[in-house]
Amino acid sequence: MDEPGPMSTHPLVQGSRATPRPGAHELLVEVSVCGVCRTDLHLAEGDLAPHHRRVVPGHEAVGVVIETGTDCSRFKPGDRVGVAWLGAACGRCRYCRRGDENLCSSPVFTGWDRDGGYAEHMTVAEDFAYPVPAVFTDEQAAPLLCSGIIGYRALKRAALPVGGRLGIYGFGSSAHITAQLAIRQGASVFVMTRSESARKLALELGAEYAGGAGDNPPVPLDSAILFAPAGDLVPVALRALDRGGTLAIAGIHLTAIPALDYGRELFFERQVRSVTANTRADGEEFLALAARLSLALTTTTYPFDAADRALEDLAADRVTGSAVLRVRPEQAPS
């Protein structure tokens with residue numbers, strides 16, 4: 001990332017750096033693919049303030065360990081690993097001590113604080129790397145590492161009752177994974193999104209209804225998740241909730257929320273919850289669940305030198321499912 005701004009200003013620049021060296025308790029990873037997340041777009045366009053200039057973005061990386069630092073024991077060279085958004089937590093603050101490392105007072109995020117996966121090599125703290133389930137290819141696994149994990153946490157925060165009715169607002173990378181989780185667990189899913197291709201995908205994946213972003217679902221919802229970074233959808237989603245329903249807002253960035261009408265949108269114990277990053281336990285639980293349920297991942301792969309085009313397509317809603325950068329050329333079968 002150079003100077004944040006609209007994608008038309010080309011905030012992403014190509015360059016070369018020396019291969020990083022792993023420190024103590026770190027892995028050096030040769031990156032195969034890296035998912036393209038909406039958070040990368042928020043960073044590129046300046047919705048999220050940069051923590052330092054010229055950071056390498058990307059936090060859905062899959063690759064192979066090629067070197068380990070001192071005192072590493074969980075992984076060895078040749079192991080396939082995934083690298084996610086949360087890159088480190090202090091382990092000492094009151095939030096970490098009570099098990100909420102996603103709320104750490106001094107966290108480190110991949111692709112924001114430390115260089116990420118839009119690169120041929122990257123380092124990761126061994127304790128924050130994930131083994132990748134063998135049932136997924138690299139391209140399939142990449143979006144699981146943020147879109148999937150955050151969607152899983154959002155689903156938990158939405159407090160969906162068993163067999164309940166879940167509304168999903170926005171149907172991009174995270175939503176198309178989360179919808180499958182909910183359906184496999186017995187929920188009825190109702191999708192509201194402005195993309196016609198996304199509505200088609202939602203129905204193919206088993207959603208009972210797919211309508212426009214501002215449409216009313218045909219039944220009251222027990223829970224809802226807002227994936228679209230559009231604050232004007234908060235009152236829309238709240239009005240769609242049944243009594244006692246919960247709205248979880250999954251994104252790291254949201255445009256301004258309009259004034260809420262207490263009687264129409266909050267009364268009858270409707271509630272709003274935000275979602276902040278994830279814990280490593282979330283990631284481990286989700287990856288195991290995703291492998292067991294054999295989730296279907298819809299991906300569009302871009303060549304490494306087309307990272308800016310991938311973000312432009314994401315900004316323009318031209319990506320159905322998940323976008324993935326192919327960093328290392330795919331090996332032809334021998």
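How far is the sulfur of C34 from the closest cysteine sulfur? Select C34 and C37: the gap to the sulfur of C37 is 9.4 Å, too far for a bond. Before going on, note that this is a predicted model, where local features need pLDDT of at least 70 and side-chain atom pairs count only at pLDDT 80 or more, while totals for chains, interfaces and linings use all residues. Residues are numbered from 1 along each chain as its sequence is written, and side-chain values use heavy atoms, with hydrogens and water left out.

**Stop 1: the cysteines**

Stay on C34 and check its surface. With 0% relative accessibility, C34 counts as buried (buried is under 20% relative accessible area, exposed is over 50%, partly exposed is in between, using a 1.4 Å probe and protein chains only). A disulfide is a covalent bond between the sulfur atoms of two cysteines. The rule here asks for a pair of cysteine sulfur atoms within 2.5 Å, and by that rule the count is 0 disulfides.

**Stop 2: α1 against α10**

Next, select 38-45 and 307-315, which are helices α1 and α10. (Helices are DSSP runs of H or I with at least four residues, strands are runs of E with at least two, and both are numbered from the N terminus.) Their axes come within 10 Å and cross at roughly 100°; axes are lines fitted to C-alpha atoms, for helices over the stretch in contact, and angles run from 0 to 180 degrees between N-to-C directions. The pair is therefore roughly perpendicular (65 to 115 degrees; under 35 is roughly parallel, over 145 roughly antiparallel, the rest oblique). Show side chains for R38, D40, L41 and A44 on α1, and for L311, L314 and A315 on α10: these make the contact, meaning heavy atoms within 4.5 Å. By class, that contact has 5 nonpolar, no polar and 2 charged residues. (Ala, Val, Leu, Ile, Met, Phe, Trp, Tyr, Cys and Pro count as nonpolar, Asp, Glu, Lys and Arg as charged, and the others, Gly among them, as polar.)

Keep α10 and colour its buried residues: A307, A310, L311, D313 and L314. They span an arc of only 160° around the axis, so they lie on the same side of α10; the arc is that of the directions from the helix axis to the C-beta atoms. What do the buried residues of α10 pack against? Bring up β1 (26-36), α1, β14 (299-303) and β15 (322-326) to see their partners.

**Stop 3: positive phi**

Step just past α10 to D317, whose phi is positive, about 60°. Most residues other than glycine have a negative phi. Jump to H10, in the segment before β1: its phi is also positive, about 60°, and at 47% relative accessibility H10 is partly exposed. Then pick F268, in the loop between α8 (262-266) and β13 (271-274). Its phi is near 65°, and its relative accessible area of 34% makes F268 partly exposed.

**Stop 4: α4 against α9**

Select 147-157 and 280-293: α4 and α9 pack at about 100° with axes 9 Å apart, so they are roughly perpendicular. Here G148, I149, Y152, R153 and K156 of α4 meet D282, G283, E285, F286 and L289 of α9. That contact has 4 nonpolar, 2 polar and 4 charged residues.

**Last stop: K200**

Finish in helix α6 (196-204) at K200, which is exposed at 55% relative accessibility.
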